[in-house]
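Take a look at the structure below.

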Amino acid sequence: MMKKVIRNFSVLISTLSVFVSSPVHASILFDGVNDGMTGTFTSTYADPITIGIKVKYTAHPVAVDVMASLGNGDTRDDSYMCRTNATDDQFGALSRSSGGGEANANVVKAGLDGVWFSIVCEFPSGDSDRNVFVEDVTDTNGGDEFVGGALQFLRAGQSLSEAQEFAGRLAEFAIWDRVLTTQEITDYIDDDCTASIGSSDLIGYWSFNVNNATQPNEGVDAGGDLTAMDSAVFDSDHPVMGSCGSGAVQRIMRLFEGFRLTIGSGKLIIMQQ
């Protein structure tokens with residue numbers, strides 16, 4: 001039996017505090033002219049898929065601007081998109097099939113210029129309804145525009161065909177390989193810690209907290225780092241996010257799986273079970 005005694009609690013607390021601190025955030029600024037971020041997952045995925053993003057305009061959108069996309073290749077065909085629409089103040093969760101057909105769930109939400117806000121786009125299995133959530137409004141839309149499997153290719157700030165560029169900031173880009181629960185969507189929109197929302201299914205997560213042209217994937221997929229194209233740049237502006245305390249507790253407990261923790265004579269004793 002392995003036995004370890006920790007006598008210095010301050011060392012233990014300082015070590016564990018890494019896991020419970022508030023997340024560091026920044027953003028990526030897109031100028032809407034031939035810039036974006038591109039990456040590729042190591043694994044391939046199929047629906048259901050949920051995409052979450054934190055957004056702030058620099059220019060009021062007046063056309064279709066794609067903010068985040070996941071698809072099968074370097075074209076818009078066979079891809080899912082979170083985007084603005086040509087209708088003023090309208091947002092969409094759009095699926096585009098291999099033949100170019102599109103099905104879109106749309107919501108109208110005005111008054112978002114110059115403020116941070118959240119968008120969640122859900123793409124359930126097969127031809128099920130798409131769902132889009134923008135702050136306190138939501139819409140569901142069915143259709144038969146099916147996106148095939150092998151979802152692997154990523155783009156932020158524009159579509160996979162390097163078109164429909166977004167002008168503004170993204171402070172976060174998250175992808176889950178399942179549909180989120182109602183509570184999880186509420187938590188995301190309320191700016192709770194994304195890393196603790198469905199963490200085992202969070203295949204892609206980019207908090208854009210590194211002042212570098214490449215932003216690491218903090219999700220569970222082994223690949224998926226995003227690399228800036230053209231003039232997409234790191235920016236310090238970001239929304240106020242909640243702490244990762246609840247997710248941190250789970251991560252701390254996983255550190256001690258298979259051990260029994262006891263306290264005696266002022267010492268913490270960790271014993272392998």
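Is Arg 96 buried or exposed? Arg 96 is buried, at 14% relative accessible area. Buried means under 20% relative accessible area, exposed means over 50%, and partly exposed lies in between (1.4 Å probe, protein chains only). This is a predicted model, where local features need pLDDT of at least 70, side-chain atom pairs count only at pLDDT 80 or more, and totals for chains, interfaces and linings use all residues. Residues are numbered from 1 along each chain as its sequence is written, and side-chain values use heavy atoms, with hydrogens and water left out.

Side chains of opposite charge can pair when their charged atoms come close. Here a salt bridge is a side-chain nitrogen of Lys or Arg within 4 Å of a carboxyl oxygen of Asp or Glu. The structure holds 9 of them. One joins Arg 96 to Asp 77, with the closest N and O atoms 2.7 Å apart. Asp 77 sits in the loop between β5 (65-71) and β6, and Arg 96 in strand β7 (residues 90-96), so this pair ties together parts 19 residues apart in sequence. Strands are DSSP runs of E, at least two residues; helices are runs of H or I, at least four; both are numbered from the N terminus. Asp 77 is partly exposed at 26%. Arg 96 also meets Glu 102 in a salt bridge (2.7 Å, N to O). Glu 102 is partly exposed, at 36% relative accessibility.

Now move along the chain. Asp 237 pairs with Arg 169, the closest N and O atoms being 3.9 Å apart. Asp 237 lies in the loop between β17 and α3 (245-255) and Arg 169 in strand β13 (residues 167-176), so the pair ties together parts 68 residues apart in sequence. Arg 169 is buried at 16%, while Asp 237 is partly exposed at 22%.

Next, the cysteines. A disulfide is a covalent bond between the sulfur atoms of two cysteines. The rule used is a pair of cysteine sulfur atoms within 2.5 Å, and the count comes to 1. Cys 82 is joined to Cys 121, S to S 2.1 Å. Cys 82 is in strand β6 (residues 79-84) and Cys 121 in strand β9 (residues 117-123), 39 residues apart. Cys 82 is buried at 0%; Cys 121 is buried at 0% too. Strand β6 also holds Arg 83, which is buried at 9%.

Finish at Asp 230, in the loop between β16 (226-229) and β17 (233-235). Asp 230 is exposed, at 63% relative accessibility.
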